[in-house]
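Me: I would like to learn how to read the features of a model like this one. Please give the general idea each time, then the case at hand.

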Amino acid sequence: KETEEVFKVKKSSYSKKIVKQLKKEYKEDLEKSKVRTEVNSPTDVEPPLEKTGQIKDIGQEDGTANSEHGEEEMEVESEKEEEKPKAGGAFSSALSSLNVLRPGEIPDAAFIHAARKKRQMARELGDFTPVDSEPGKGRLVREDENDASDDEDDDEKRRIVFTVKEKSQRQKIAEEIGIEGSDDEALVAGEQDEELSRWEQEQIRKGINIPQACIYQPAEVNNLYYQNTYQTLSYGSSYGIPYTYAAYGSSETKSQKTDNTVPFKTPSNEMTPVTIDLVKKQLKDRLDSMKELHKANRQQYEKHQQSREDSTKAIERLEGSSGGIGEQYKFLQEMRGYVQDLLECFSEKVPLINELESAMHQLYKQRASRLVQRRQDDIKDESSEFSSHSNKALMAPNLESFGRDRVIYQEQVKRRTAEREARRARRRQAREQTGKMADHLEGLSSDDEETSTDITNFNMERDRILKESSKVFEDVLESFCSIDCIKSQFEAWRSKYFASYKDAYIGLCLPKLFNPLIRLQLLIWTPLEGKCRDFETMLWFESLLFYGCEEQEQVKDDADISLLPTIVERVVLPKLTVISENIWDPFSTTQTSRMVAIVQKLVDGYPSVVNAENKNTQMLLKALLLRMRRTLDDDVFMPLYPKNILENKNSGPYLFFQRQFWSSVKLLGNFLQWYGILSNKTLQELSIDGLLNRYILMAFQNSEYGEDSIKKAQSVIACFPKQWFANLKGDKTISQLENFCRYLVHLADTIYRNSIGCSDVEKRNAREHIKQIIKLLASIRALDHAVAVANDHNVKELKILIEGK
């Protein structure tokens with residue numbers, strides 16, 4: 001296909017003038033063949049065709065390069081040659097007798113037979129000379145594909161790229177001249193046998209003439225064929241084109257192949273005389289070389305022996321350790337499957353645990369909110385009942401001051417009042433039975449008693465949640481829901497393959513892995529209740545207490561050592577945060593004491609809790625402060641009544657005033673219980689600025705000046721942490737207590753003024769009260785105020801009072 005494409009391209013480049021020239025040359029070749037036939041010289045019909053094909057190849061190669069001028073010259077020369085008289089009439093008559101074809105005529109069988117006979121005679125006589133033996137030019141490819149006169153190597157070198165597969169050059173020229181393809185079939189059929197016989201003869205000739213392949217004299221023979229027309233000109237000189245065409249199998253290439261011979265040098269007959277010394281030297285040299293070779297082989301042998309021993313030891317070592325690696329791989333694969341199953345189990349159960357925990361927290365939150373709301377309603381009811389500022393004439397007949405229906409509101413107030421008084425009566429009765437009635441003050445007790453209905457509903461809901469929690473892992477194997485079973489799996493991993501255990505960071509993953517199971521056990525754990533169990537006595541704590549504490553030496557930075565502190569930090573602290581924010585009541589001294597105790601225990605026993613960067617600890621402290629501020633803003637109330645109303649100590653306003661005062665003092669003491677946990681600045685802001693100076697001092701100013709005020713002041717000072725005043729320098733107390741100190745100085749002056757003109761007994765009592773005030777000032781390190789009071793009232797026992805503080 002590639003050859004056909006090239007031929008088509010070259011054929012398309014022909015010009016009409018070249019076609020005309022080819023026709024003229026074809027006619028000339030026919031006339032020359034007539035002449036050779038008359039003189040009985042062996043000829044071949046194909047050389048002119050080959051020449052024409054050669055000219056065609058040259059035209060294909062240089063067709064586009066021929067100029068119009070060159071083509072015109074070719075036409076002029078061909079026309080002149082046609083005008084020349086034809087020589088050799090005898091030869092023409094001979095050809096005529098053989099029915100030589102004229103241009104455009106169809107050859108008959110007789111002509112073909114005669115031409116074949118002539119060609120055979122030329123081969124037998126040895127006068128047939130191939131056209132492709134011209135010096136300087138390679139053998140052109142014949143138009144017939146069956147002509148394979150050379151072997152494969154010479155054929156590849158001599159083959160020209162412009163070969164035609166489907167049609168011969170004779171057929172193509174005939175087509176261009178105008179002969180129909182059907183007319184040429186007879187020629188093609190007759191030439192097949194002829195070409196086959198010619199190829200056999202040429203192969204025999206090549207086998208005989210192989211030694212003389214490089215020696216050729218084609219010039220003379222070539223002149224026999226082309227003497228009349230091409231005597232001295234080169235092949236392309238008539239066209240005015242420099243001849244540059246050369247076949248692959250040129251004579252130069254052949255000469256290079258024949259010259260690649262190595263000359264043989266005749267050996268000299270002169271030899272070195274052989275002596276004994278020469279023989280000994282050669283033997284010694286050979287012995288030395290053999291010794292060196294033996295030494296090298298010996299070193300190589302020793303090297304191989306050492307390598308063999310090392311390989312044997314390595315094989316033994318690897319064979320001995322392969323069993324352990326296989327067991328380790330098997331164990332780790334089992335652990336991998338176990339952990340995947342465990343995580344899949346927890347992924348289904350953790351949402352259920354979260355719901356149960358949220359339900360339990362919501363239950364406790366509702367109960368705490370109900371108690372706080374009841375206390376606030378009681379304060380509002382009593383305040384509105386004893387308020388002297390309510391103007392009944394301005395109020396609507398059926399509405400109270402807040403716009404609510406008066407009848408309904410009064411019914412609710414009566415119901416709440418009856419319940420409140422009933423609770424107080426029951427508490428009073430309980431104090432009488434225990435003998436604490438004398439020391440009790442109204443307002444110090446926590447009104448957290450619940451009705452039987454609320455208690456029943458609360459217990460029913462809690463039991464329901466507990467029942468649901470027991471069903472969470474009822475469809476799970478014990479190895480996936482028991483802390484002991486899970487712990488034993490990881491303990492086996494730790495004891496057998498500690499390196500892989502450490503590389504997998506199991507110590508950091510265990511707290512999160514045990515988190516759901518521990519939260520399920522802490523579902524009803526509430527440290528605010530008296531019956532609440534300490535978390536350190538629970539099963540999960542005791543099971544994990546000695547995890548990772550084997551007899552072997554502890555590894556540095558072992559994460560298992562901090563397993564329990566990490567669990568407390570991630571499980572207990574978040575639960576305490578929820579309790580302090582939603583359940584804890586700062587007005588309850590009991591709840592506050594228990595809350596402070598559990599937090600203090602965590603601070604003292606678990607170093608990770610004290611870490612300032614611990615987010616869970618920060619969230620817990622933030623929840624505590626928010627709950628205390630909310631109580632300070634919403635639950636503290638101090639009524640203001642004229643002194644004449646408070647003179648009656650059995651009246652309702654007086655009792656309500658005293659109850660609110662002592663409840664504020666109790667709240668102050670509850671706030672200050674957080675000393676050591678919360679910062680001093682935060683505590684002083686909450687307790688002194690927010691409670692003492694804002695509410696309690698206002699109650700002091702409305703109280704009678706006397707022994708009752710001193711007793712209240714002593715109760716307030718008793719709430720202050722002594723560490724606040726231990727490290728103070730100078731004669732002044734902390735800045736937030738200045739208002740309280742001024743009140744004590746004013747109280748001492750008032751007592752002294754009220755004692756003027758009284759009996760000696762009252763004066764002595766007043767003097768004793770002044771000494772108590774000096775002691776109170778000295779106890780809070782307000783020495784400047786204490787000295788001023790002593791100087792004003794001529795108290796000489798100042799030093800004794802200060803040292804006896």
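Reply: Start with the salt bridge, defined as a side-chain nitrogen of Lys or Arg within 4 Å of a carboxyl oxygen of Asp or Glu. Here Glu 419 and Arg 415 form one, at 3.6 Å from N to O. This is a predicted model, in which local features need pLDDT of at least 70 and side-chain atom pairs count only at pLDDT 80 or more, while totals for chains, interfaces and linings use all residues. Residues are numbered from 1 along each chain as its sequence is written, and side-chain values use heavy atoms, with hydrogens and water left out.

Me: Where do Glu 419 and Arg 415 lie?

Reply: Helices (H or I, at least four residues) and strands (E, at least two) are DSSP runs, numbered from the N terminus. Both residues lie in helix α13 (residues 406-434), four residues apart, about one turn of the helix. The protein has 32 helices and zero strands.

Me: Which salt bridge joins parts that are 66 residues apart in sequence?

Reply: The side chains of Arg 494 and Asp 560 meet in a salt bridge of 2.4 Å, N to O. Arg 494 is in helix α16 (residues 483-496) and Asp 560 is in the loop between α19 (539-544) and α20 (563-582), so the pair ties together parts 66 residues apart in sequence. Both Arg 494 and Asp 560 are buried.

Me: What does Arg 198 pair with?

Reply: Arg 198 forms a salt bridge with Glu 195, with the closest N and O atoms 2.3 Å apart. The two residues lie in helix α9 (residues 185-208), three residues apart, about one turn of the helix.

Me: Which residues touch the most other members of the largest nonpolar core?

Reply: A nonpolar core is a set of buried Ala, Val, Leu, Ile, Met, Phe, Trp, Tyr and Cys residues joined through side-chain atoms within 4.5 Å. The largest one has 128 residues, and Phe 490, Phe 535, Trp 540, Trp 674, Phe 720 and Phe 740 touch the most other members. Its largest share, 13 residues, comes from helix α12 (residues 276-386).

Me: What does Phe 490 touch?

Reply: Contact means heavy atoms within 4.5 Å. Leaving out residues up to four places away in sequence, Phe 490 touches Met 335, Val 339, Tyr 501, Ile 506, Leu 510, Leu 513 and Tyr 547. For the protein, residues 24 or more positions apart account for 78% of the contacts with a separation of 6 or more.

Me: Where does pLDDT stay under 50?

Reply: pLDDT is the predictor's confidence in each residue, from 0 to 100. It stays under 50 over residues 39-99, for which the model has 117 contacts beyond four places in sequence. Residues 211-262 also stay under 50, with 67 such contacts. The protein averages a pLDDT of 75, and 67% of the residues score at least 70.

Definitions and conventions: Buried < 20%, exposed > 50% of the residue type's maximum accessible area, 1.4 Å probe, protein only.
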